[in-house]
Amino acid sequence: MKKILFIASAILILLSGCENFLDSELLTEKTTANFPETEKDAQEMVTAIYAHLLFESPETSSQYYIAQLAGDDCLGGNLSYSNNCATNFLMYSGNLNTFAGIWDRCYTLINRANNAINTMENVKSWSSESERNRLFGESYFLRAMAYYELAQVFGGVPLRTTLESTNLPRASVDEIYAQIAADLKNAIEMMPAKIYPKGSDMTGHATKYAAEAMMARVFLFYTGRYEKNELPNGTTKEEVISWIDDCVNNSGHKLVSDQRNIWAYTNDATEDNTEGFRYQYVINHNLKWEGNSSDETLFANKHNLKSDWTYTWFSNTCAQFYSPSADNYSNKDSYPFGTGWGAGPVSPAMVNEWKDWAAKQTYTDGYKEDPRLTGSIWSYKALDPNVAGNVLMDCTMDEGEPEYTVSYRYYEQTGYFQKKYININSYNEGKIEPFGKQMFPGISSQTSQQLLQIADLIHIRFADVLLMQSELKQDATGLNKVRARSHLAPVAYSLEAIKQERRWELAFESIRWWDILRWSGPSLEEAGDILNKQTGFNIINAATVVPMVKFDYKKRLQATQGYWPIPQDEIDISNGVLEQNPGWDASAQFSDWNNM
C-alpha cells in the first residue's frame with residue numbers, strides 16, 4: 001500500500017553561510033512509491049525533520065521551557081493566572097491540553113524521521129556510502145531526541161517506528177528508552193566523526209559526537225530516575241564511558257575562553273556605538289562573544305533573522321519569554337536587555353545558595369568570586385512605576401547593571417533575571433534594535449525584537465560533556481577542567497561536588513530540573529525537598545512587594561511522579577486507549593496566584 005508523505009518546507013534556519021541547509025522546496029503528495037528517488041530528495045527529507053526541533057510558542061511546545069520554570073532556579077513570572085505560574089507550581093491552568101504543542105511537535109518530528117528511515121533505501125544511487133550513513137544517522141538521532149523529550153515530560157508514550165498510523169497504547173518507559181538507546185547507537189555508528197566549522201553549510205547538523213554525548217545524558221537520566229544499572233536495550237555503563245571518552249578526546253570540541261562569552265550579551269554590536277549606550281559589565285570584565293556554533297557547542301537549535309509573524313520560530317523565542325516585562329517597552333532602562341513577557345524570574349533562594357557556595361570556594365588567578373554568578377544573572381534595581389525614584393527592591397550584585405521599571409501587571413518579579421537567554425539589543429543610528437540587525441544588516445525589515453533574536457538555543461555543550469564524564473567515571477578530571485575555566489581551585493571527586501558544579505555551570509540551561517529528578521530516584525524525596533526551598537523571600541506582584549507563597553512542591557511532585565499531563569484531546573480521540581498520568585485531576589487546577 002502506498003503511503004502519502006506530506007513534507008512541509010524545511011524551516012530550520014541558520015545564520016548566513018548556511019543557506020543550503022535552511023531552505024528546501026515545498027514537497028506535497030509524495031508517496032513511498034516515488035519518493036525519495038534521489039540523494040537530494042533524501043537530504044530534503046532530513047532537513048524537514050530538523051525543522052521540528054524549533055517551536056513557535058515555547059510555553060506550550062518545549063520541554064526546554066517547562067524545565068526552566070519547574071525547577072528551583074526560576075519562578076513562573078508573567079501574570080497571576082498564567083501557565084507560567086501553573087508550571088512553577090506543578091499544576092495546570094485552563095485545561096489539560098497545556099502541553100499539546102510538545103506532543104504534536106515531537107510526533108511530527110518522529111513521523112518525519114520514520115518516513116526517512118523507512119524509505120531512504122528507495123534512493124537509486126548515492127554519491128558515497130558516508131553520505132547515505134550520515135542521513136540515516138541524523139534521522140535516528142533526531143527520532144531519539146524527540147522520544148527522549150516525550151519520555152522525560154510524559155513518561156511512557158505511544159511508540160511508533162513504522163509508517164503505520166494505528167491507534168497505539170502507551171508503551172512502557174523501558175520500551176521507550178530501549179528505542180532511544182538503539183537509535184542513538186545507530187547514530188553513533190553511522191554519523192561522521194567530525195565537527196562542522198562555523199559558517200559551513202553543515203553547521204547545525206548532528207554528528208557522532210553529539211550522539212555520544214546524548215547517549216551519556218540518556219544513560220544518566222534513565223539509570224538514576226529508575227534505579228537501573230544499564231539501558232533497557234543492554235547498553236552498559238562501560239560502553240557509555242567509551243563513547244564519552246571518545247567525545248572528550250577526539251571530537252575537537254573544547255571549552256571557550258570564558259563561560260560568559262557563550263552568551264549573546266557579550267556581543268560587539270551591543271558595545272560598539274558612539275551614542276553612550278554601553279553595558280558596563282561587559283566592558284569591566286573584558287568579555288567578547290565567541291558567537292553561535294562556538295567550539296563548545298555540540299548541538300543547538302539554530303536561529304537567524306528570517307522570522308516574520310507567520311514563522312516566529314526562526315527567532316529564539318525563548319529569549320522573548322524569558323525577558324522582563326515593562327509597560328512602555330522603550331528598552332532604554334534595561335539596555336542592553338530587551339523587554340518581553342516576564343517568565344522565569346530567578347529565585348532569590350537560588351541566588352543566595354550560589355553566593356553561599358561561592359564564598360566557600362578557593363580561587364586561582366587572583367579571583368575572589370565565581371564569575372558565573374554575575375555572568376549568568378542580571379540583578380537590577382526594581383523601580384516603582386508610579387513613584388519616581390522609589391526603589392521597590394535593590395538586588396544589585398555588580399556595578400554596571402541597568403536599573404529597571406517594574407510593570408504594574410506582572411507577578412513574581414524578584415529583582416533578578418537570567419542573562420543566558422534573554423532579548424539582547426544594540427544601539428544603532430539613533431535607535432535601539434536587536435543586536436542581530438546591526439551584526440547582519442539588510443537581511444530583515446522586521447523591527448520587533450521578538451522576531452530577531454539569533455542566539456543559538458544550546459542543547460549540549462562541552463562543559464556538560466566533561467561533567468558527565470566525571471560523573472560516569474567517578475573521577476574529578478572533567479569536573480576540574482570546568483572549574484579551572486572559572487578560576488576555581490581543583491577539588492576531589494564526589495557526587496556532591498558534581499551536583500554543585502552542574503547547578504552553577506549549567507544554570508538556566510533547562511538541565512537542573514532533569515538533574516534533580518534523576519538524582520532523587522523513584523521516591524523523588526530529594527527533589528521535593530529541593531523545590532520546597534522556594535520560600536522565605538519577597539517578590540513583586542503588580543508593583544507591590546509581597547512574601548512568596550509557601551507551597552508544598554514535594555506533595556505535588558510525588559502526586560504526579562514528575563510527569564506532566566498527557567494532552568486530554570489525545571486521550572479523547574484515542575477512545576480510551578491512552579490513560580492519563582497520575583495527579584492530574586481537578587485538584588491540580590490552578591486558577592490564580594492570589595488563590596494559592
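**Domain arrangement and local features of the predicted model**

The C-alpha centres of domain 1 and domain 2 lie 26 Å apart. The model is a predicted one, in which local features require pLDDT of at least 70 and side-chain atom pairs count only at pLDDT 80 or more, whereas totals for chains, interfaces and linings use all residues. Residues are numbered from 1 along each chain as its sequence is written, and side-chain values use heavy atoms, with hydrogens and water left out.

Domain 1 comprises 37-256 + 512-588 and domain 2 comprises 258-456, the bounds coming from an automatic or database domain assignment. Between the two domains, 51 residues of domain 1 are in contact with 48 residues of domain 2 (contact meaning heavy atoms within 4.5 Å). About 4300 Å² is buried between domain 1 and domain 2, 63% of it on carbon and sulfur atoms; buried area is the accessible area (1.4 Å probe) that two parts lose on being put together, summed over both.

One salt bridge is found across the interface of domain 1 and domain 2, a salt bridge being a side-chain nitrogen of Lys or Arg within 4 Å of a carboxyl oxygen of Asp or Glu. By this rule the count comes to 38 salt bridges. In one of them, Asp456 and Lys302 meet at 3.0 Å, N to O. This pair links distant parts of the chain, 154 residues apart: Asp456 is in the loop between α16 (435-439) and β11 (457-461), and Lys302 is in the loop between β3 (297-301) and α13. Helices (H or I, at least four residues) and strands (E, at least two) are DSSP runs, numbered from the N terminus. Lys254 and Asp295 also form a salt bridge, with their closest N and O atoms 3.8 Å apart.

The axes of helix α17 (residues 462-473) and helix α19 (residues 495-505) come within 10 Å and cross at roughly 170°. Axes are lines fitted to C-alpha atoms, for helices over the stretch in contact, and angles run from 0 to 180 degrees between N-to-C directions. Helix α17 is therefore roughly antiparallel to α19 (angles over 145 degrees). Residues making the contact include Leu467 and Met468 of α17 and Ile498 and Arg502 of α19. The contact residues divide into five nonpolar, one polar and five charged. Ala, Val, Leu, Ile, Met, Phe, Trp, Tyr, Cys and Pro count as nonpolar, Asp, Glu, Lys and Arg as charged, and the others, Gly among them, as polar.

Most residues other than glycine have a negative phi, and most peptide bonds are trans. The peptide bond from Tyr335 to Pro336 is cis, with omega near 10°, and Pro336 lies in the loop between α13 (317-321) and α14 (348-359). Glu412, not a glycine, has a positive phi of about 60° and lies in the loop between β7 (404-405) and β8 (416-418).

How values were computed:
Parallel < 35°, antiparallel > 145°, perpendicular 65-115°, else oblique.
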